[in-house]
Amino acid sequence: MNRVSLFVLVVHLVGSASCADRDLSQLSPSQAKEERVQIELAINRDIDILFVVDNSGSMSEEQQSLAANFPQFMDVLSQIDGGLPNVHIGVISTDMGTLGVSTGDTACENPGDRGHLTINNCTGIHGNFLIDVDSDGDGTRDGINYDGDLAQAFACMAQLGDTGCGFEQPLAAMRAALAPDHPTNQGFLRPSAHLAVIFLADEDDCSARDPSLFAPDSPAMGPLDSFRCFEHGIVCDQDASGDPNDERQVGARTHCRPDEDSAMLESVQAYVDFVKALRPGPNQDVFVAGIIGNPDPVAVQLRTPAGGGAPRPDLAPSCSYQGPLGAQTADPAIRIKHLLDQFPGTSTFTSICDDDLTDALQQIAQAMTVLFGNPCLHGNLVDTDPDSAGVQPDCAVSYVTTSPDATQVETALP
(Lines give C-alpha, C1' and ligand atoms only; values in the text may rest on other atoms or scores of the structure.)
Protein backbone atom coordinates (compact mmCIF):
# COMPACT_ATOMS: atom_id res chain seq x y z
CA MET A 1 0.00 0.00 0.00
CA ASN A 2 1.34 3.42 -0.90
CA ARG A 3 1.77 5.88 1.92
CA VAL A 4 0.43 9.33 1.14
CA SER A 5 1.72 12.47 2.81
CA LEU A 6 1.13 16.14 2.26
CA PHE A 7 4.12 18.47 2.15
CA VAL A 8 3.68 22.19 2.69
CA LEU A 9 6.32 24.81 1.87
CA VAL A 10 5.88 28.20 3.53
CA VAL A 11 7.91 31.26 2.61
CA HIS A 12 8.72 34.24 4.91
CA LEU A 13 7.46 32.26 7.93
CA VAL A 14 9.21 32.67 11.25
CA GLY A 15 6.51 31.80 13.73
CA SER A 16 2.13 31.17 14.31
CA ALA A 17 0.00 31.24 11.40
CA SER A 18 -3.51 29.89 11.44
CA CYS A 19 -4.70 27.53 8.74
CA ALA A 20 -5.48 29.50 5.57
CA ASP A 21 -9.04 29.67 4.20
CA ARG A 22 -8.78 30.86 0.59
CA ASP A 23 -8.54 29.54 -2.97
CA LEU A 24 -5.13 28.14 -3.92
CA SER A 25 -3.44 29.00 -7.19
CA GLN A 26 -0.16 28.03 -8.80
CA LEU A 27 2.70 29.80 -7.00
CA SER A 28 6.41 30.22 -7.59
CA PRO A 29 7.57 31.39 -4.16
CA SER A 30 10.95 32.80 -3.31
CA GLN A 31 12.53 30.30 -0.93
CA ALA A 32 14.62 32.77 1.07
CA LYS A 33 12.90 31.55 4.26
CA GLU A 34 10.96 28.34 4.38
CA GLU A 35 9.46 25.77 6.68
CA ARG A 36 8.82 22.27 5.40
CA VAL A 37 6.08 20.31 7.16
CA GLN A 38 4.95 16.73 6.53
CA ILE A 39 1.31 16.02 7.34
CA GLU A 40 -0.05 12.50 7.32
CA LEU A 41 -3.39 12.54 5.54
CA ALA A 42 -4.71 9.75 7.77
CA ILE A 43 -3.45 10.45 11.29
CA ASN A 44 -3.08 7.37 13.48
CA ARG A 45 -4.66 8.25 16.83
CA ASP A 46 -4.00 4.91 18.55
CA ILE A 47 -1.23 4.74 21.15
CA ASP A 48 -0.24 2.05 23.65
CA ILE A 49 1.49 3.55 26.70
CA LEU A 50 3.52 1.30 29.01
CA PHE A 51 4.70 2.64 32.37
CA VAL A 52 7.66 0.70 33.81
CA VAL A 53 7.65 1.56 37.53
CA ASP A 54 10.48 0.82 39.95
CA ASN A 55 8.91 -0.94 42.96
CA SER A 56 12.07 -1.45 45.02
CA GLY A 57 12.71 0.17 48.39
CA SER A 58 12.52 4.00 48.58
CA MET A 59 10.18 4.39 45.60
CA SER A 60 6.85 5.00 47.37
CA GLU A 61 7.15 8.80 47.26
CA GLU A 62 7.92 8.86 43.54
CA GLN A 63 5.00 6.54 42.80
CA GLN A 64 2.69 8.82 44.75
CA SER A 65 3.91 11.80 42.75
CA LEU A 66 3.36 9.92 39.50
CA ALA A 67 -0.19 9.13 40.52
CA ALA A 68 -0.92 12.65 41.74
CA ASN A 69 0.38 14.34 38.58
CA PHE A 70 -1.04 11.93 36.02
CA PRO A 71 -4.01 14.29 35.36
CA GLN A 72 -1.57 16.91 34.02
CA PHE A 73 -0.11 14.27 31.70
CA MET A 74 -3.57 13.46 30.35
CA ASP A 75 -4.49 17.14 30.06
CA VAL A 76 -1.62 17.73 27.64
CA LEU A 77 -2.59 14.68 25.56
CA SER A 78 -6.20 15.91 25.51
CA GLN A 79 -5.05 19.15 23.88
CA ILE A 80 -3.77 17.32 20.80
CA ASP A 81 -5.77 18.22 17.69
CA GLY A 82 -8.79 15.92 17.80
CA GLY A 83 -8.66 15.49 21.58
CA LEU A 84 -7.42 12.58 23.67
CA PRO A 85 -5.94 9.80 21.49
CA ASN A 86 -7.22 6.23 21.67
CA VAL A 87 -5.15 4.91 24.56
CA HIS A 88 -4.20 1.62 26.10
CA ILE A 89 -2.34 2.30 29.38
CA GLY A 90 -0.46 -0.45 31.18
CA VAL A 91 1.75 -0.63 34.28
CA ILE A 92 4.49 -3.14 35.08
CA SER A 93 7.13 -3.33 37.81
CA THR A 94 10.91 -3.57 37.47
CA ASP A 95 10.98 -6.80 39.55
CA MET A 96 12.31 -9.70 37.46
CA GLY A 97 13.71 -11.67 40.39
CA THR A 98 17.31 -12.89 40.35
CA LEU A 99 17.24 -15.56 37.62
CA GLY A 100 16.30 -18.23 40.15
CA VAL A 101 19.31 -17.59 42.40
CA SER A 102 18.59 -17.41 46.13
CA THR A 103 20.17 -14.23 47.48
CA GLY A 104 18.83 -14.34 51.02
CA ASP A 105 16.74 -11.23 50.33
CA THR A 106 13.06 -12.08 50.72
CA ALA A 107 12.16 -9.36 48.19
CA CYS A 108 14.08 -11.33 45.54
CA GLU A 109 13.07 -14.85 46.54
CA ASN A 110 10.38 -15.12 43.88
CA PRO A 111 10.59 -15.24 40.10
CA GLY A 112 9.56 -11.60 39.95
CA ASP A 113 6.61 -10.06 38.18
CA ARG A 114 7.95 -11.12 34.75
CA GLY A 115 6.47 -8.16 32.91
CA HIS A 116 2.87 -9.00 33.79
CA LEU A 117 0.59 -6.01 33.38
CA THR A 118 -0.96 -5.24 36.74
CA ILE A 119 -3.93 -3.27 38.01
CA ASN A 120 -2.52 -3.56 41.55
CA ASN A 121 -5.70 -5.11 43.01
CA CYS A 122 -7.65 -1.98 42.05
CA THR A 123 -11.39 -2.35 41.74
CA GLY A 124 -13.47 -1.08 38.83
CA ILE A 125 -10.91 -1.94 36.14
CA HIS A 126 -12.13 -4.69 33.85
CA GLY A 127 -8.90 -6.19 32.54
CA ASN A 128 -5.21 -5.87 33.33
CA PHE A 129 -4.71 -2.52 31.59
CA LEU A 130 -6.75 0.63 30.94
CA ILE A 131 -8.65 1.19 27.70
CA ASP A 132 -10.10 4.55 26.65
CA VAL A 133 -10.92 4.84 22.95
CA ASP A 134 -13.27 6.47 20.49
CA SER A 135 -13.73 3.45 18.24
CA ASP A 136 -15.57 5.10 15.34
CA GLY A 137 -14.20 8.65 15.52
CA ASP A 138 -17.51 10.32 16.34
CA GLY A 139 -16.21 12.02 19.51
CA THR A 140 -17.78 9.51 21.91
CA ARG A 141 -15.47 7.50 24.16
CA ASP A 142 -17.37 4.26 23.59
CA GLY A 143 -14.50 1.90 24.42
CA ILE A 144 -13.78 2.20 28.15
CA ASN A 145 -12.99 -0.65 30.54
CA TYR A 146 -12.90 1.18 33.88
CA ASP A 147 -15.39 2.76 36.25
CA GLY A 148 -15.20 6.43 37.16
CA ASP A 149 -12.28 8.68 36.26
CA LEU A 150 -9.28 7.63 34.13
CA ALA A 151 -6.77 9.51 36.29
CA GLN A 152 -8.11 7.93 39.48
CA ALA A 153 -7.95 4.46 37.95
CA PHE A 154 -4.32 5.04 36.92
CA ALA A 155 -3.44 6.51 40.32
CA CYS A 156 -4.47 3.25 41.94
CA MET A 157 -2.60 1.12 39.39
CA ALA A 158 0.67 3.04 39.55
CA GLN A 159 1.29 2.81 43.30
CA LEU A 160 2.95 -0.59 43.33
CA GLY A 161 4.67 -0.14 46.69
CA ASP A 162 8.36 -0.61 47.50
CA THR A 163 8.72 -4.28 48.32
CA GLY A 164 10.14 -5.40 44.97
CA CYS A 165 13.60 -6.80 44.35
CA GLY A 166 16.43 -4.27 44.71
CA PHE A 167 18.12 -5.53 41.54
CA GLU A 168 15.88 -3.48 39.24
CA GLN A 169 15.58 -4.76 35.67
CA PRO A 170 13.32 -2.29 33.83
CA LEU A 171 14.62 -3.08 30.36
CA ALA A 172 14.12 -6.82 30.80
CA ALA A 173 10.67 -6.18 32.26
CA MET A 174 9.73 -4.03 29.27
CA ARG A 175 10.83 -6.72 26.82
CA ALA A 176 8.94 -9.39 28.73
CA ALA A 177 5.77 -7.29 28.86
CA LEU A 178 5.78 -6.46 25.14
CA ALA A 179 6.76 -9.91 23.90
CA PRO A 180 4.14 -11.11 21.40
CA ASP A 181 3.80 -14.44 23.22
CA HIS A 182 3.41 -13.04 26.75
CA PRO A 183 0.77 -15.29 28.37
CA THR A 184 -1.31 -12.58 30.08
CA ASN A 185 -0.69 -9.35 28.18
CA GLN A 186 -2.50 -10.19 24.97
CA GLY A 187 -4.50 -7.31 23.53
CA PHE A 188 -2.47 -4.53 25.09
CA LEU A 189 -0.19 -4.01 22.12
CA ARG A 190 -2.16 -3.17 18.98
CA PRO A 191 -0.30 -3.88 15.72
CA SER A 192 -1.07 -0.51 14.16
CA ALA A 193 -0.83 1.70 17.27
CA HIS A 194 1.99 4.01 18.24
CA LEU A 195 4.03 2.72 21.19
CA ALA A 196 5.24 4.76 24.16
CA VAL A 197 7.36 3.38 27.02
CA ILE A 198 7.92 5.53 30.13
CA PHE A 199 10.45 4.49 32.81
CA LEU A 200 10.22 5.68 36.42
CA ALA A 201 13.22 4.57 38.49
CA ASP A 202 15.76 5.90 40.99
CA GLU A 203 18.47 3.36 40.10
CA ASP A 204 19.92 2.20 36.80
CA ASP A 205 18.95 -0.91 34.88
CA CYS A 206 20.45 -4.24 35.98
CA SER A 207 18.92 -6.58 33.41
CA ALA A 208 20.96 -9.73 33.94
CA ARG A 209 21.94 -12.42 31.46
CA ASP A 210 24.12 -14.58 33.76
CA PRO A 211 22.84 -15.97 37.11
CA SER A 212 26.32 -15.65 38.58
CA LEU A 213 25.70 -11.90 38.84
CA PHE A 214 23.71 -12.83 41.96
CA ALA A 215 26.26 -15.25 43.43
CA PRO A 216 27.32 -14.92 47.11
CA ASP A 217 30.05 -12.52 48.23
CA SER A 218 33.47 -13.36 46.82
CA PRO A 219 36.74 -11.57 46.03
CA ALA A 220 35.96 -11.78 42.32
CA MET A 221 32.36 -10.58 42.53
CA GLY A 222 32.57 -8.41 45.63
CA PRO A 223 29.63 -7.94 48.03
CA LEU A 224 26.20 -9.00 46.82
CA ASP A 225 24.58 -5.63 46.24
CA SER A 226 23.57 -3.37 43.38
CA PHE A 227 27.11 -2.01 42.91
CA ARG A 228 27.66 -5.17 40.88
CA CYS A 229 25.29 -3.78 38.24
CA PHE A 230 27.65 -0.82 37.77
CA GLU A 231 30.85 -2.86 38.03
CA HIS A 232 29.77 -5.43 35.45
CA GLY A 233 27.48 -3.31 33.30
CA ILE A 234 29.23 0.03 32.81
CA VAL A 235 32.57 1.07 31.35
CA CYS A 236 34.21 4.47 31.83
CA ASP A 237 37.20 6.09 30.15
CA GLN A 238 39.04 6.68 33.40
CA ASP A 239 38.68 6.39 37.15
CA ALA A 240 40.57 8.00 39.99
CA SER A 241 43.46 5.54 39.72
CA GLY A 242 43.82 6.03 36.00
CA ASP A 243 42.83 2.40 35.39
CA PRO A 244 39.54 2.12 33.45
CA ASN A 245 39.24 -1.53 34.54
CA ASP A 246 39.34 -0.84 38.29
CA GLU A 247 35.66 -0.12 38.88
CA ARG A 248 35.97 -0.44 42.68
CA GLN A 249 38.51 2.37 42.98
CA VAL A 250 37.04 5.33 44.87
CA GLY A 251 36.70 8.54 42.87
CA ALA A 252 35.04 10.23 39.91
CA ARG A 253 34.49 8.61 36.54
CA THR A 254 34.38 10.13 33.07
CA HIS A 255 32.50 9.22 29.89
CA CYS A 256 30.62 6.28 31.39
CA ARG A 257 28.49 4.12 29.08
CA PRO A 258 26.97 0.64 28.93
CA ASP A 259 29.38 -2.24 28.56
CA GLU A 260 27.80 -3.82 25.51
CA ASP A 261 30.17 -6.80 25.78
CA SER A 262 29.36 -7.58 29.42
CA ALA A 263 29.01 -11.27 30.22
CA MET A 264 26.77 -10.47 33.18
CA LEU A 265 24.27 -7.89 31.91
CA GLU A 266 22.24 -7.92 28.73
CA SER A 267 23.32 -5.52 26.00
CA VAL A 268 21.28 -2.30 25.93
CA GLN A 269 21.33 -2.48 22.14
CA ALA A 270 19.42 -5.76 22.34
CA TYR A 271 16.51 -3.89 23.94
CA VAL A 272 16.75 -1.06 21.42
CA ASP A 273 16.57 -3.59 18.60
CA PHE A 274 13.62 -5.31 20.25
CA VAL A 275 11.59 -2.11 20.49
CA LYS A 276 12.41 -1.05 16.94
CA ALA A 277 11.42 -4.48 15.66
CA LEU A 278 7.98 -4.04 17.23
CA ARG A 279 7.50 -0.96 15.06
CA PRO A 280 9.68 -1.54 11.98
CA GLY A 281 8.38 1.57 10.22
CA PRO A 282 9.71 5.10 10.77
CA ASN A 283 11.06 5.95 14.20
CA GLN A 284 8.05 8.24 14.68
CA ASP A 285 5.98 5.18 15.65
CA VAL A 286 7.89 4.75 18.94
CA PHE A 287 8.37 7.14 21.85
CA VAL A 288 10.48 6.43 24.95
CA ALA A 289 10.89 8.53 28.07
CA GLY A 290 12.70 8.28 31.37
CA ILE A 291 12.01 9.91 34.73
CA ILE A 292 15.29 8.68 36.15
CA GLY A 293 18.48 9.64 37.96
CA ASN A 294 20.76 12.10 36.19
CA PRO A 295 23.27 10.10 34.10
CA ASP A 296 26.13 12.13 35.55
CA PRO A 297 28.14 12.92 37.58
CA VAL A 298 29.40 9.40 38.20
CA ALA A 299 31.57 8.59 41.20
CA VAL A 300 32.41 5.62 43.41
CA GLN A 301 32.46 6.05 47.17
CA LEU A 302 32.80 3.81 50.23
CA ARG A 303 29.72 2.90 52.24
CA THR A 304 29.50 1.12 55.59
CA PRO A 305 26.74 -1.53 55.53
CA ALA A 306 23.71 -0.83 57.72
CA GLY A 307 24.51 -3.90 59.83
CA GLY A 308 28.15 -2.91 60.27
CA GLY A 309 31.25 -4.38 58.73
CA ALA A 310 33.99 -3.17 56.43
CA PRO A 311 33.21 -0.29 54.07
CA ARG A 312 32.42 -1.40 50.54
CA PRO A 313 32.39 0.31 47.14
CA ASP A 314 29.12 2.02 46.32
CA LEU A 315 27.88 4.19 43.49
CA ALA A 316 27.40 7.77 44.67
CA PRO A 317 24.01 9.39 43.96
CA SER A 318 23.99 11.70 40.96
CA CYS A 319 21.18 13.89 42.30
CA SER A 320 19.08 14.43 45.41
CA TYR A 321 16.10 16.38 46.67
CA GLN A 322 14.12 16.95 49.83
CA GLY A 323 10.72 15.30 49.59
CA PRO A 324 7.80 14.98 52.02
CA LEU A 325 9.29 11.76 53.38
CA GLY A 326 12.78 13.22 53.80
CA ALA A 327 15.94 13.30 51.73
CA GLN A 328 15.70 11.34 48.46
CA THR A 329 18.52 10.38 46.11
CA ALA A 330 18.93 8.69 42.76
CA ASP A 331 21.83 6.89 41.11
CA PRO A 332 23.08 7.71 37.61
CA ALA A 333 20.85 5.90 35.11
CA ILE A 334 23.50 5.35 32.45
CA ARG A 335 21.97 2.31 30.74
CA ILE A 336 18.43 3.66 30.64
CA LYS A 337 19.59 7.06 29.33
CA HIS A 338 21.61 5.29 26.63
CA LEU A 339 18.47 3.51 25.45
CA LEU A 340 16.60 6.83 25.28
CA ASP A 341 19.38 8.34 23.18
CA GLN A 342 18.88 5.69 20.49
CA PHE A 343 15.49 7.23 19.65
CA PRO A 344 16.45 10.78 18.61
CA GLY A 345 13.47 13.06 18.16
CA THR A 346 11.07 10.67 19.87
CA SER A 347 12.49 10.44 23.37
CA THR A 348 12.87 12.64 26.42
CA PHE A 349 14.71 12.52 29.74
CA THR A 350 13.68 14.24 32.97
CA SER A 351 15.26 13.97 36.40
CA ILE A 352 13.47 12.02 39.10
CA CYS A 353 15.09 14.43 41.56
CA ASP A 354 12.63 17.20 40.74
CA ASP A 355 10.54 18.19 43.76
CA ASP A 356 7.49 16.64 42.10
CA LEU A 357 6.78 15.08 38.73
CA THR A 358 4.40 17.72 37.38
CA ASP A 359 6.88 19.25 34.94
CA ALA A 360 8.30 15.85 34.00
CA LEU A 361 4.93 14.38 33.03
CA GLN A 362 3.88 17.51 31.16
CA GLN A 363 7.16 17.50 29.25
CA ILE A 364 6.73 13.84 28.34
CA ALA A 365 3.15 14.34 27.17
CA GLN A 366 4.13 17.39 25.12
CA ALA A 367 7.00 15.50 23.50
CA MET A 368 4.68 12.59 22.70
CA THR A 369 2.52 14.82 20.49
CA VAL A 370 5.13 14.42 17.75
CA LEU A 371 3.63 10.97 17.13
CA PHE A 372 0.33 12.45 16.01
CA GLY A 373 1.49 15.21 13.71
CA ASN A 374 -0.18 18.60 13.38
CA PRO A 375 -2.19 19.74 10.36
CA CYS A 376 -1.41 23.43 10.92
CA LEU A 377 1.77 25.46 10.62
CA HIS A 378 2.79 27.29 13.77
CA GLY A 379 4.72 30.53 13.77
CA ASN A 380 4.50 34.30 13.53
CA LEU A 381 4.22 35.72 10.04
CA VAL A 382 7.04 38.27 9.89
CA ASP A 383 7.80 40.65 7.05
CA THR A 384 11.59 40.48 6.65
CA ASP A 385 11.78 42.98 3.76
CA PRO A 386 11.75 46.62 4.97
CA ASP A 387 10.80 47.83 1.46
CA SER A 388 7.79 45.54 1.02
CA ALA A 389 4.14 46.52 1.29
CA GLY A 390 3.53 44.11 4.14
CA VAL A 391 3.43 40.41 4.90
CA GLN A 392 2.81 38.39 1.73
CA PRO A 393 3.08 34.72 2.73
CA ASP A 394 2.96 32.21 -0.12
CA CYS A 395 2.84 28.44 0.05
CA ALA A 396 3.30 25.54 -2.32
CA VAL A 397 1.46 22.29 -1.62
CA SER A 398 2.22 18.87 -3.06
CA TYR A 399 1.27 15.23 -2.65
CA VAL A 400 4.10 12.83 -1.89
CA THR A 401 3.42 9.12 -2.40
CA THR A 402 5.84 6.50 -1.14
CA SER A 403 5.88 3.01 -2.62
CA PRO A 404 6.80 -0.11 -0.63
CA ASP A 405 10.30 0.11 -2.14
CA ALA A 406 10.61 3.62 -0.62
CA THR A 407 10.46 5.34 -4.03
CA GLN A 408 8.86 8.77 -3.63
CA VAL A 409 6.89 10.71 -6.19
CA GLU A 410 6.05 14.37 -5.51
CA THR A 411 3.18 16.00 -7.42
CA ALA A 412 2.42 19.71 -7.07
CA LEU A 413 -1.19 20.66 -6.28
CA PRO A 414 -2.60 23.62 -8.22
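This text goes through a predicted model, from the chain as a whole to one helix pair and then to the aromatic side chains.

The chain has 414 residues, of which 48% are buried. Its secondary structure consists of seven helices and 20 strands. Of the contacts between residues at least 6 apart in sequence, 73% join residues at least 24 apart.

Two packed helices are described by the angle between their axes and the distance between the axes. For helix α1 (residues 60-78) and helix α7 (residues 358-368), the axes come within 8 Å and cross at roughly 30°. Angles under 35 degrees count as roughly parallel, so α1 is roughly parallel to α7. The crossing in which α1 passes α7 is right-handed. On the α1 side, the contact is made by L66, N69, F70, Q72, F73, V76 and L77. On the α7 side, T358, L361, Q362, I364, A365, Q366 and M368 take part. Sorted by class, the contact of α1 with α7 has nine nonpolar residues, five polar residues and no charged residues.

The aromatic pairs come to a count of eight. One of them is F51 with F154, with 4.8 Å centre to centre and 55° between the planes, which is a tilted arrangement. The two residues come from distant parts of the chain: F51 is in strand β4 (residues 46-53) and F154 is in helix α2 (residues 150-158), 103 residues apart. Buried means under 20% relative accessible area. F51 has a relative accessible area of 1% and is therefore buried. For F154 the value is 0%, so this residue is buried as well.

A further pair is made by F129 and F188. Their ring centres are 5.3 Å apart and their planes are at 80°, so the pair is edge-to-face; planes over 60 degrees apart count as such. F129 is buried, with a relative accessible area of 7%. F188 is buried at a relative accessible area of 2%.

Note on methods
Residues numbered from 1 in each chain as written. Predicted model: local features only at pLDDT ≥ 70, side-chain atom pairs only at ≥ 80, totals over all residues. Heavy atoms only, no water. Axes fitted to C-alpha atoms, helices over the stretch in contact; angles between N-to-C directions. Helix = DSSP H or I, 4+ residues; strand = E, 2+ residues; numbered from the N terminus. Parallel < 35°, antiparallel > 145°, perpendicular 65-115°, else oblique. Left-handed = near helix turned anticlockwise from the far one by under 90°. Contact = heavy atoms within 4.5 Å. Nonpolar A, V, L, I, M, F, W, Y, C, P; charged D, E, K, R; others polar. Phe/Tyr/Trp six-rings, centres within 6.5 Å; stacked < 30°, edge-to-face > 60°. Buried < 20%, exposed > 50% of the residue type's maximum accessible area, 1.4 Å probe, protein only.
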